[in-house]
Amino acid sequence: MSRVAVLQGGRSLERQVSLRSGARVQDALERLGHEVLGLDVGHDLVERLREGEPDVAFVALHGRDGEDGTVQELLEALGIPYTGSRVSACIRSADKVLAKHVMRDAGIPTPDFHSFNETAFKELGAAQALGAIEERLEFPIVVKPAGQGSALGIKFARTPADVPTALVAAFSYDRKVLLERHVHGRDLAISVLDGPSGPEALPIVEAVPREEDFYDFTARYEIGRTRFECPAQLDDAVAARAREVALEAYGALGCSGFGRVDVMLEEATGDLFVLELNPIPGLTETSLLPQAAEAAGLAFAELVERIVQLALPVAR
Amino acid sequence: MTRRETPGTTTRQLERYAGLFAGRTRGMRSSAMRDLMAITERPEIISLAGGLPDTSTFPPESYAALMQTVAAESCARALQYGPTEGLAVVRRCIQQVMAAEGMTIDSDDVLVTTGGQQVIDLLCKTLIDPGDVIVAEAPTYPGAVPAFSAYEADVVQIEVDRDGMRVDDLEQTLDRLEAEGRRPKFIYTIPNFQNPAGVTMSLPRRERVVRIARERELIVLEDNPYGLLRYEGERLPTLFELDGGDFVVYLGTFSKILSPGVRLGWTVAPRPILEKMNIGKQSADLCSSSMTQHFVAAYFDAGPWDKYLRSLIEIYQRRRDVMLDALAEHFPRESEWTHPHGGLFIWATLPGYINTTDLLARALQDNVAFVPGRAAFVDGRGGSSMRLNFSGVNEDEIREGIRRIGAVVSEQVSLYGTLTGAHPAPAQEPAPREADPDLAEVLQLPQRPERAKRARP
C-alpha cells in the first residue's frame, strides 16, 4: 500500500469539478487501503508535499495549472512520482491550438482552424483578416479560448456580427483563441487507459443532448440533461476507426497513464475529427472516463488503482 | 479496514436515483455559474459578489453579554422547542421594528420564520400549484428563483426602471395572462433598494400596485429586508402600510438590521394565509431556533435596538459613496449603473457585447468578483449586467475591486473596438458624469440565448 497525495481544487475555473473528482478518488483510495493525503492546492502546496512525503501524487486537478504541466513540473522538481501524462504531453494537450497543430502535422484529422493571440488583433490588425477566415471556415464558426479545459467561453458564431462578441468572450479566458470549423454530427468521447501492452481505448461514450440543451454547456454538470450512451451505438467499422484515431492522437501528443479524446463524427460525410484531448478528464460521478471504464468491466476503485500503479516508479 | 461504499458513486447508481426524483426537481439545478462563484470565496479574492452584511461591525462584548443574559435568564427555554409562530416576546420586537417603518400590527398576526427566505418558500407552499404564475421583477432576487422553481411556478418577469417595477407593464402582463386563462397567484416585489437593481419603487407606483392587487384580488409578497438601511431621501410607505394588510403579505428579517446568523425573519399575512403558512412551517421545521429568538429578545431588552442599525447605516453609506466614486473613476463611459438610496447593491450594465459571466472568469484572474446579471433573470436576459455589493467589504477593497473590474471592462471595450473597427474607447478617462440613475432603458436586454458548445466533464 502506498501513501498517496490527492491534489485537487486549486484556483482553476474548474475548481468545483476538481473537488468532486478528488473526493471520489480519495474515497476509492482509502477503501483500497492506501494512506491518503487530500490537498486543496494553494500557496502551501510545496510545503505540504514535503511534510506529507507521499510515495505518489494523484493529480485530480482540471484546467489551468493542474492540467497544463504546471503542477507536473513542480512534482518533477520535488521528485514525487505522479499520475497521468508527463509535463510535455500536458503542455501540448492543454493548449488546444498546439494540440491541433501536432495532430495536423501527424496527419490526424482535426477541424480546420485559425488561431490568434490578443496582440495579433491589437497590434497587427488581424481583425481585417476575419472576413477571409469566415469565408474559409463557413458559418457557424466555433470560437474557443486555447487553454480552457471545460466548455466555458466556447461560443457559436452564426453570422459575422457574432464573431467579435464571441472573440471578446473567449479572450476572457485566455490570451490566445481559436476559430474552428463547426463539425455537425455525433459527439463521441474515447477514453484511453494504459494497459500491459500499451494504451487501450475504452468503450466509446456518446453524449446525446436533450434537444433544448444542445448548446447549453451547463447540461453536462447535471444528471438527466444530457444522456450518455455507453457503448455508443456505432457501426463496428466506425467504432474501430474512432478508437484508432483516438489512440493516434494520444500517441502523437505523447500522453501516458490515461486521457480522454473528444471526437466528432460528421453527419454529412461520416468523417471523424479529433477536437481535443483532455489529459486529466473528470472523475466525478457523472464523468465519462469512469463510465467507459465501468463498461469495460473496470470498477472505479480498480481504475484508480491502475492509474496509481502506472505512476509508481516500478511501472514506468 | 471496513468501510461501507459511499452510496451513489457510480453513474448507473446515480441514474437509478435520478429515476426516483420528483418532477419538480427538474427546476433544481446546479450550474456552471455556481461553480464559478465557488472560486469567489477564496481568501485572495476581493468579492463584491456576496450579499453579506458586515457582521464584524457587531461588538463582540455585546454578543458575549447577550449570550450571558440568555444563559442566566432563559437557559432551559432557549434549549427547548418553541411555538411555531415564534416567541411572543420576539413578535413584540417585530412590532417595534415594523413601527419604525410606519406599520402598525397586532403581534398575533406575525409568524416568525427561519430567515426571510422561509417566507418565500412557505408562501409558495401555500399558494402555488404546478404551472401557476408568479409575477416577479426583472431583474429579481436570485435566491427567490430556485424557491419558485421548486414549486414548479411559471415565473413572469416585469421590467424595472429607476422607479421600480414598471406598473404599466405589470397591468399589460396581467391582462395578457388573464386572456390566456392563466392565474397569477402572487406578485413578488422588493420595493426598497431592490436586490439586485438597487432601485426603489416610487410612491405613485406603490399606490398603483396596491390598487391593482385589490382590484384583481391578487396577493403581493412585499420583500423588505433593506427598508431601514436608507442613506438618502425620504422614507416611503410600504405596500403593506398602504394596503392595510388585506392583499399584501409582508416579509421582514433581522438579517440586515442585526445578524443573518440568527436566521430569523417573519411574515405578516392575512389570517387564512398565515394559518396555512403556520401549518407549512410545522412540517418544515416545527419552529425557528429558540436559542436565537432568546438572543434577539435579549438584544431588544438591552437598549435601543436601532443603535447598531444607525452604525450600520453610517458604514454602508460611506461604502456606497466610495463605490459610486470608484465606478465614475474606473468604469468606461459605455457603462451605466444605478444610484441606490439604500440597501446593499449597485447594478451596473455594460455594452451588450460584453457577457458578464465570461467577464467574471477574466476578473477572477485579477482576484476580483461580482455576480453576473444573468442570475437575476429566468429567461437568459441580464447577460451584460452585474450586481456589485458594497456592504461586505471595506472601503479600500471597494476602491481596488472596482478599479480591477473597470480595467478588465475597459480592456474588453477596447478589444471589441479593435475587432469591429469602431473607435477604441479611451480606457482610463474618467466618466464625465455622476452615476447615471437612468436605468430604465438599460435593463431591457436582447434575449439572445447563450450558445456555448456542450462539452463533457
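1. A residue counts as buried if 20 or more other C-beta atoms lie within 10 Å of its own. On that basis, buried residues make up 50% of the 457 residues in chain B. Keep in mind as you read that this is a predicted model.

2. How far to trust chain A? Its mean pLDDT is 91, and 94% of its residues reach 70 or more.

3. Strands β1 (residues 3-8) and β2 (residues 35-40) of chain A pair in the parallel sense, with six bridges. Between β1(A) and β2(A) the chain passes through helix α1 (residues 15-31) of chain A, giving a right-handed β-α-β crossover. If you want one pair to look up, A:Gln8 has A:Asp40 in β2(A) as its bridge partner.

4. Helix α5 (residues 96-105) of chain A is worth a look. Its buried residues are A:Lys96, A:Val97, A:Ala99, A:Lys100 and A:Met103. Viewed down the axis of α5(A), these fall within an arc of 160 degrees, so they line one face of the helix. What do they pack against? The partners of the buried residues of α5(A) include α4 (87-94), β4 (113-117), β5 (141-145) and α9 (236-252) of chain A. After α5(A) comes A:Gly107, with a positive phi near 80 degrees.

5. A:Thr119 sits in helix α6 (residues 118-124) of chain A. Is A:Thr119 buried or exposed? It counts as exposed because it has 11 C-beta neighbours inside 10 Å, and the cut-off for exposed is 12 or fewer. The C-alpha atoms of A:Thr119 and A:Lys176 are 9.1 Å apart, although 57 residues separate the two along the chain.

6. On to the nonpolar cores. The largest has 148 residues, and B:Val220, B:Val296 and B:Phe370 have the most contacts inside it. Helix α14 (residues 395-420) of chain B gives the largest share of this core, nine residues. Leaving out residues up to four places away in sequence, B:Phe370 touches, among others, B:Leu48, B:Leu360, B:Met386 and B:Ile405. A second, separate core of 72 residues includes A:Leu29, A:Ala201, A:Ala292 and A:Leu303.

7. Chain B has 14 helices and 14 strands. Of its contacts between residues at least 6 apart in sequence, 77% join residues at least 24 apart. Four of the strands make an open antiparallel sheet in the order β10-β11-β14-β13 (chain B), with β10 (336-337) and β13 (371-372) of chain B at the edges. Within this chain, β11 (residues 345-349) and β14 (residues 385-389) of chain B run antiparallel and share five bridges. B:Trp347 stands opposite B:Arg387 in β14(B).

8. Last, some backbone geometry to check. Most residues other than glycine have a negative phi, and most peptide bonds are trans. There is a cis bond between A:Cys230 and A:Pro231, with omega about -5 degrees, and another between B:Ala138 and B:Pro139, with omega about 5 degrees. B:Pro139 lies in the loop between β3 (133-138) and α6 (144-150) of chain B. Phi is positive, near 50 degrees, at B:Glu217 and likewise near 50 degrees at B:Arg263. B:Glu217 is exposed, with 8 other C-beta atoms within 10 Å, while B:Arg263 counts as partly exposed, with 18.

Conventions
Residues are numbered from 1 along each chain as its sequence is written. Chains are lettered from A and ligands numbered from 1 in the order in which they are written. This is a predicted model: local features need pLDDT of at least 70, side-chain atom pairs count only at pLDDT 80 or more; totals for chains, interfaces and linings use all residues. Helices (H or I, at least four residues) and strands (E, at least two) are DSSP runs, numbered from the N terminus. Two strands pair if DSSP finds at least two bridges between them. A crossover is right-handed if, with the strands pointing away from the viewer, the path from the first strand over the helix to the second runs clockwise. The arc is that of the directions from the helix axis to the C-beta atoms. Two residues are in contact if their C-beta atoms, placed from the backbone, lie within 7 Å. A nonpolar core is a set of buried Ala, Val, Leu, Ile, Met, Phe, Trp, Tyr and Cys residues joined through C-beta atoms within 7 Å. pLDDT is the predictor's confidence in each residue, from 0 to 100.
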